[in-house]
Amino acid sequence: MNTAMIGKDLVAASATPLILSVLLDGENYGYEIIRRVKNVSGHQLDWSESMLYPALRRLEDRGLLKSRWVASESGPNRKYYTITRQGRSALAAERDAWMTIHTTLQALWEPKPCPT
Amino acid sequence: MPNLDQQLASWKHVIARAGTLTGDDMAELEGHVRETVRHLTVCGLSEQEALVIALRRIGDPGAVTAEYAKVNPGLAWARRWYWMTAGFLIFSVLLQGIDAVSYAIAWLALPTGPTMIGVSIIKLGCFTALAVAMFKTALLPSSGRVAIMLQRASSWCSQHPFATATVALALMVGFRMTNSLALAFAFRDQRDAAFTLSTVGTIGALVLPVLLFLWGRLVNPAAAAMQVGD
């Protein structure tokens with residue numbers, strides 16, 4: 001199973017909670033965020049960069065993230081993103097929504113006992 | 001074989017041409033590519049191979065610029081307004097400059113000293129010469145020396161907006177003062193001196209802040225190599 005088999009809409013919808021959750025651990029920059037998601041998903045979620053940065057910008061425009069440029073000694077400057085308080089409450093709302101869907105689907109997919 | 005920076009620059013040029021990324025966005029994307037290249041070369045690939053993979057991962061430039069267009073909706077018009085404002089500023093300075101040159105020529109060249117009609121004719125000549133020069137410049141081949149000089153100058157101005165604004169303001173004030181003195185002395189016209197501050201002040205107060213604000217939106221020091229509105 002790879003991202004190609006997960007629908008585009010689902011990938012897009014899950015981007016927000018995934019990004020916010022990664023940033024819960026502290027500020028981070030784009031390259032690392034993608035790497036983290038890839039690792040944690042067991043390489044099943046392989047985001048494209050062209051999707052990530054506009055998504056980060058949208059979250060920043062909504063006030064869920066804030067960003068700052070940091071000069072890097074050994075490489076290019078990096079834009080670090082931090083989750084805001086508004087972001088944390090948005091993440092809590094997303095979590096509730098996803099858990100609702102998850103438990104409903106799980107209940108529907110539970111193997112039913114054979115009728116005897 | 002072109003090196004990493006050159007190949008990256010030509011890719012950046014393609015992305016920037018769509019006009020949907022701000023300087024900040026370009027810098028972020030470039031930083032990402034460089035970091036990918038660094039990571040891959042550590043894993044054993046050559047720089048060339050790493051760059052090919054890194055750019056491939058970013059995806060089709062059309063798709064990238066389309067995604068950014070959604071998050072930068074007003075950028076195209078902000079860019080146009082920047083250039084219109086810059087053009088207005090340059091023209092204002094040139095206007096004052098032509099006035100100053102015309103008075104100087106009238107002073108030195110006319111046998112009876114400067115007269116209103118004499119100065120007007122000289123001004124007309126200067127404007128015509130300027131118009132012809134601008135048209136010729138616009139038609140120059142893009143590889144020509146003048147074109148490259150203009151490109152470097154506009155690039156420098158984009159990266160140093162405060163210096164550019166100061167120079168422009170200084171030129172305008174300088175020319176205007178000279179013109180007012182010339183008028184006051186030659187034509188015993190004191191009123192013009194009063195217009196000096198109002199003209200320069202209006203232009204300075206309205207145009208320069210707009211220009212600087214738009215610069216802040218469009219260009220970022222981290223993307224110093226990129227040109228605005230390319």
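Trainee: Is Cys43(B) buried or exposed?

Mentor: This is a predicted model, and in it Cys43(B) is exposed, with a relative accessible area of 55%. The cut-off for exposed is over 50%, so Cys43(B) at 55% falls in that class.

Trainee: Is Cys126(B) buried or exposed?

Mentor: Cys126(B) has a relative accessible area of 16%. Buried means under 20%, therefore Cys126(B) counts as buried.

Trainee: How many disulfides does the structure hold over all chains?

Mentor: A disulfide is a covalent bond between the sulfur atoms of two cysteines. Over all chains, the structure holds zero of them.

Trainee: Now the interface. How many residues does the contact take from chain B and from chain A?

Mentor: Chain B supplies 23 residues and chain A supplies 19 residues. Together the two chains bury about 1900 Å² between them, with 52% of that on carbon and sulfur atoms. On the chain B side, Glu28(B), His32(B) and Glu35(B) lose the most area to chain A, and together they make up 32% of what that side buries.

Trainee: How many salt bridges are there between chain B and chain A?

Mentor: The count is four. One of them joins Glu67(B) to Arg58(A), whose closest N and O atoms are 3.8 Å apart.

Trainee: Which element gives the most to the side of chain B that touches chain A?

Mentor: That is α2(B), with twelve residues. The elements giving two or more residues to this side are α2 (23-42), α3 (47-58) and α4 (61-71) of chain B. By residue type, the side divides into seven nonpolar, seven polar and nine charged.

Terms used: Residues numbered from 1 in each chain as written. Chains lettered and ligands numbered in written order. Predicted model: local features only at pLDDT ≥ 70, side-chain atom pairs only at ≥ 80, totals over all residues. Heavy atoms only, no water. Contact = heavy atoms within 4.5 Å. Buried area = accessible area lost by both parts, 1.4 Å probe. Salt bridge = Lys/Arg side-chain N within 4 Å of Asp/Glu carboxyl O. Helix = DSSP H or I, 4+ residues; strand = E, 2+ residues; numbered from the N terminus. Nonpolar A, V, L, I, M, F, W, Y, C, P; charged D, E, K, R; others polar. Disulfide = S-S within 2.5 Å. Buried < 20%, exposed > 50% of the residue type's maximum accessible area, 1.4 Å probe, protein only.
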